[in-house]
Amino acid sequence: MTTAKKTKKQIAPRVPMPNQPAEERARNFKEVALGYTKEMAMQEAARCLNCKKPKCVQGCPVQVPIADFIAEVAKGNIEKAYSVIKSTNSLPAICGRVCPQEIQCEGACILNAKDQPIAIGRLERYVADEYMYLDACDLISAKPECPFIDEEKKVACIGSGPSSLTVAGYLASRGCKVTIFEALHEVGGVLVYGIPEFRLPKEDVVAKEVGALKDLQVDFVTNYVGGKTFSIEDLKEQGYKAVFVGVGAGLPRFLNISGENLCGVFSANEYLTRVNLGRAYDFPNYDTPIIKGRKVTVYGGGNVAMDAARTAQRLGAETVHIVYRRTADAMPARLEELEHAVEEGIILEVLANPIEFKSDGSGNLASVTLQKMKMGEPDDSGRCRPLPIEGETYELETDLAVIAVGTRPNPVLLENEPDLKLNKWGYIEADQETNETSIPDVYAGGDIVTGAATVILAMGAGRKAAQEIARRFGIED
């Protein structure tokens with residue numbers, strides 16, 4: 001007697017994300033990805049195997065119950081899916097757009113073994129966008145009523161980036177009085193000054209998330225510089241029972257080559273801040289000065305380099321080259337961002353390293369000298385080391401250079417807080433379990449602790465700190 005073999009479930013192809021056509025989006029600042037429809041979201045959600053022990057959750061820094069929310073999307077229960085996400089994630093509309101899902105939740109998806117993973121980020125974005133119109137209590141806490149705010153449970157956050165916003169969302173939804181102090185004139189940190197409009201809309205996404213926090217009685221104080229306008233001790237004297245430091249790592253690194261002080265050479269920090277926070281892309285509504293550049297070169301291979309290059313393209317550059325000393329497959333940028341850049345006409349100038357910027361004779365940038373490189377043996381990190389090919393250099397015309405090779409700790413606060421213990425790289429040391437620093441009841445998280453990382457990792461740090469603060473206040477989750 002023979003028994004029929006059990007047939008395996010056939011997995012449908014991954015539902016592609018609709019995007020603006022490359023030739024159109026390369027000249028505008030509208031969002032590239034257009035988002036799923038409800039039908040597309042349900043179709044993609046139906047691909048999920050609903051694993052009993054979902055590995056995707058292990059890959060998520062804020063531990064979103066991914067299988068549970070996807071199951072609700074598959075049934076068309078979008079409101080329920082939203083409440084499941086919001087149980088651990090304060091900023092899903094942002095995370096669904098800018099998180100590196102391919103190396104986190106989606107990277108851990110069991111379907112990677114033989115198929116394409118579930119498009120978790122796209123589904124999260126869809127669900128969040130559907131519910132952006134809800135009131136603040138639903139938006140932040142997934143609870144139908146706003147909590148009573150206890151003015152005695154005062155918490156201050158220094159910096160208004162994703163880690164601080166997460167702290168504020170978690171604690172305000174549990175009755176704490178939170179104030180966020182921001183050095184700039186607009187709230188959002190890297191979400192507003194670093195990430196371009198075409199990847200993360202400011203009014204439609206960031207401003208709504210911030211607005212929901214305001215409705216939960218979170219106070220925002222702008223133009224207030226930690227370490228200059230006030231100190232941590234000042235905050236404690238004002239009655240704040242806990243302080244969270246989320247000031248980021250905004251000090252740019254440079255190449256340290258000849259000609260780096262020529263007009264036309266920018267750090268990515270300054271260039272993107274002028275365009276994003278200063279809205280230089282929206283001239284004449286905003287008259288922020290910016291050198292648009294005719295022949296642009298960008299140095300680096302990460303997400304910031306992609307953002308700078310694609311921004312320059314949209315501002316009208318004739319050509320944009322990304323200069324990188326390794327090969328394209330070694331670039332640390334998200335694959336999606338790299339693919340979008342190439343589709344939009346960005347030129348990859350790989351195995352090349354800048355050694356000198358040259359002037360036009362009037363102090364303006366005219367060209368760059370590039371050293372040809374080759375890949376050597378792997379170093380201690382496991383990456384192949386780029387080596388110069390002796391005697392092989394060439395010139396590349398450029399009138400705008402943007403340097404995107406990393407950042408260092410923001411020193412403004414740190415230099416004025418000698419009791420904050422730093423590690424050998426100059427970042428704040430924080431307890432791995434609670435994110436508490438060397439100063440009691442002072443916490444830190446995000447790039448000022450880890451160095452330049454991702455939005456979701458910063459949020460995970462903020463959540464961890466907020467949970468510890470809540471525990472010490474005697475608040476049960």
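Trainee: Which residue stands opposite Ala-444 of β15?

Mentor: In this predicted model, Val-245 stands opposite Ala-444 in β15. Val-245 belongs to strand β4, residues 242-245, which runs parallel to β15 and is joined to that strand by three bridges.

Trainee: In what order do the strands of this open sheet come?

Mentor: The open sheet has five strands in the order β3-β2-β1-β4-β15, and their pairing is parallel. Strands β3 (219-221) and β15 (442-444) stand at the edges with a single partner strand each, so one side of each has no neighbour in the sheet. From one strand to the next the twist averages 20 degrees.

Trainee: Which helix lies across β1, β2, β3 and β4?

Mentor: That is helix α10, residues 162-172, which lies across β1 (150-158), β2 (176-181), β3 and β4 and runs at about 165 degrees to β2.

Trainee: How should I read a helix such as α15, and is it mostly covered or uncovered?

Mentor: As a general idea, an α-helix has 3.6 residues a turn, so residues three or four places apart point the same way. Here, helix α15 covers residues 303-314, and its 12 residues reach 16 Å from the first C-alpha to the last, close to the 16 Å expected at 1.5 Å a residue. Helix α15 is mostly covered, with 10 of its 12 residues buried, among them Ala-305, Met-306 and Asp-307. What covers these buried residues includes α1 (22-25), α14 (268-276), β7 (295-299), β8 (319-324), α16 (335-343) and β13.

Trainee: Where is Ala-404 found, and is it buried or exposed?

Mentor: Ala-404 is found in the loop between β13 (400-403) and β14 (407-408). Because a residue under 20% relative accessible area is called buried, Ala-404, at 11% relative accessibility, counts as buried. Leaving aside neighbours within four places in sequence, Ala-404 is in contact with Ala-268, Tyr-299, Gly-300, Val-304 and Ala-305. The C-alpha atoms of Ala-404 and Val-298 are separated by 7.0 Å, although these two residues are 106 residues apart along the chain.

Trainee: What should I look for in the backbone angles, and what is phi at Asn-256?

Mentor: Most residues other than glycine have a negative phi, and most peptide bonds are trans. Asn-256 has a positive phi of about 60 degrees although it is not a glycine, and this residue sits in the loop between β5 (251-252) and β6 (265-267). Asn-435, likewise not a glycine, has a positive phi near 65 degrees, and its place is in the loop between α17 (411-414) and β15. In accessibility, Asn-256 is exposed, with a relative accessible area of 70%, whereas Asn-435 counts as buried at 7% relative accessibility. A positive phi, near 110 degrees, is also found at Gly-316, which follows α15.

Trainee: Which peptide bond is cis?

Mentor: The peptide bond from Phe-283 to Pro-284 is cis, with omega near 10 degrees, and Pro-284 lies in the loop between α14 and β7.

Trainee: How many disulfides does a search of the whole structure find?

Mentor: The search of the whole structure finds zero disulfides. For Cys-60, the nearest cysteine sulfur is that of Cys-105, 6.2 Å away, while the cut-off for a disulfide is a pair of cysteine sulfur atoms within 2.5 Å. Cys-60 counts as buried at 8% relative accessibility, whereas Cys-263 is partly exposed, with a relative accessible area of 46%.

Key: Residues numbered from 1 in each chain as written. Predicted model: local features only at pLDDT ≥ 70, side-chain atom pairs only at ≥ 80, totals over all residues. Heavy atoms only, no water. Pairing = 2+ DSSP bridges. Helix = DSSP H or I, 4+ residues; strand = E, 2+ residues; numbered from the N terminus. Axes fitted to C-alpha atoms, helices over the stretch in contact; angles between N-to-C directions. Contact = heavy atoms within 4.5 Å. Buried < 20%, exposed > 50% of the residue type's maximum accessible area, 1.4 Å probe, protein only. Expected span 1.5 Å × (residues − 1).
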